[in-house]
Amino acid sequence: MLIAYMLVQVTIDVASPEAGVIKEFVAKEGDTVEPGTKVAIISKSGEAAHVAPSEKIPEKAAPKPSEKKEEVKQTPKPEVAAEKPKKSTAAASTPKQTASEPQLPPKDRERRVPMTRLRKRVATRLKDSQNTFALLTTFNEVDLRSEYKDAFYEKHGVKLGLMSGFIKAAVSALQHQPVVNAVIDGDDIIYRDYVDISIAVGTPKGLVVPVIRNADRMNFADIEKEINTLAKKANDGTISIDEMAGGSFTISNGGVYGSLLSTPIINPPQSAILGMHSIVSRPMVVGGNVLPRPMMYVALTYDHRLIDGREAVFFLRRIKDVVEDPRRLLLDV
């Protein structure tokens, strides 16, 4: 059975190994625990059925503050240091109130809400990415004409979406430019001989990035089915940690929200990310004639410490060529 252990900000259900009744909570509300850590004790019998989980939390939490107070009293140094802050804070409290109160908005128009654990994790990883990588972005545009949607649906029973085409194009581009699929580790470069594509999915709870494993061994139909399965789990909140771990390259589609152009941020420990954008009908020269075409801007943000501009441009050019003409995959041209 699945049990959400009522811990604040839990974004993924915790699977109970056995059926039973929660007897005691081991982790407190707000605690950060690693995967596999015991968070509760399950009673197989009905002995603990009459005990509400909320009653156990104060009993565990109550003695801990007193224990901390005893520890502070036992150490003489904090007592001496505590006298000085009292004077300084008391002296500084009055000017702070008089100076800041007129500048603050009314209280009924301001709210302070704790960040969810998922938002904290996303914020930390993205900031680490900015601080670690030498980020650089290159751009191109893709003509998204499609000639095989109906035939594909009739044969495979699933619609041919944009994402599967871009994933297959990314696989081909990564095979042509393997350094984009690599990563720096200290003084070494790790080259990955597999292609695991991460897909950024926006959910009501925040951004999650499920991974399509061994995308280089899958055809268009397999990729479309896997995308549908992972997207449904992400939106339902049933996706597991294992399904989001790893990945050697990320694709983010801001176009579903109407983004015309952006510079995506690398998802560590990867070295590049492809950004897709909204489809806009624009006049293009085709065969000497000006015709309206469904066009999309694409962006590749990469770690310039590892990837040179030449490889990045060739990579994005390969994406464009394969998406515009998937027959290149068969001919390997």
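Phe 139 is partly exposed, with a relative accessible area of 39%. Buried here means under 20% relative accessible area, exposed over 50%, and partly exposed in between, for a 1.4 Å probe and protein chains only. The model is predicted: local features need pLDDT of at least 70, side-chain atom pairs count only at pLDDT 80 or more, and totals for chains, interfaces and linings use all residues. Residues are numbered from 1 along each chain as its sequence is written, and side-chain values use heavy atoms, with hydrogens and water left out.

Phe 139 is found in strand E5 (residues 135-143). Helices (H or I, at least four residues) and strands (E, at least two) are DSSP runs, numbered from the N terminus. Together with Leu 260, Leu 261 and Val 280, Phe 139 makes a nonpolar surface patch of about 340 Å². Patches are made of residues with over 30% relative accessible area and no salt bridge; like charges are joined within 9 Å, and nonpolar side chains (Val, Leu, Ile, Met, Phe, Trp, Tyr) within 5 Å. Accessible areas come from the Shrake-Rupley method with a 1.4 Å probe, and for residues only the protein chains shown count as cover.

A salt bridge is a side-chain nitrogen of Lys or Arg within 4 Å of a carboxyl oxygen of Asp or Glu. The whole structure holds 10 salt bridges. In one of them, Arg 293 pairs with Asp 143, and the closest N and O atoms are 3.1 Å apart. Arg 293 counts as buried at 18% relative accessibility. Asp 143 counts as buried at 7%.

Asp 196 forms a salt bridge with Arg 213, with 3.9 Å between the closest N and O atoms. This pair links distant parts of the chain, 17 residues apart. Asp 196 is in the loop between strand E7 (188-190) and strand E8 (197-203), and Arg 213 is in the loop between strand E10 (211-212) and helix H7 (220-236). Asp 196 is buried at 8% relative accessibility, whereas Arg 213 is partly exposed at 34%. A further salt bridge joins Arg 327 to Asp 325, at 2.9 Å between the closest N and O atoms. Arg 327 is partly exposed, at 47%. Asp 325 is partly exposed as well, at 23%.

Helix H6 (residues 162-176) has 15 residues. From its first C-alpha to its last, H6 reaches 21 Å, close to the 21 Å expected at 1.5 Å a residue. The expected span is 1.5 Å times one less than the number of residues. In H6, 12 of the 15 residues are buried, so the helix is largely enclosed by the rest of the structure. Among them are Met 163, Phe 166, Ile 167 and Lys 168. Ile 167 has a relative accessible area of 0%. Ile 167 and Ile 197 are 30 residues apart in sequence and 7.3 Å apart in space, C-alpha to C-alpha.

One aromatic pair is found in the whole structure. Phe 249 and Phe 315 form this tilted pair, 5.4 Å centre to centre with 55° between the planes. Rings of Phe, Tyr and Trp (its six-membered ring) pair if their centres lie within 6.5 Å; planes under 30 degrees apart count as stacked, over 60 as edge-to-face and the rest as tilted. Both Phe 249 and Phe 315 are buried.
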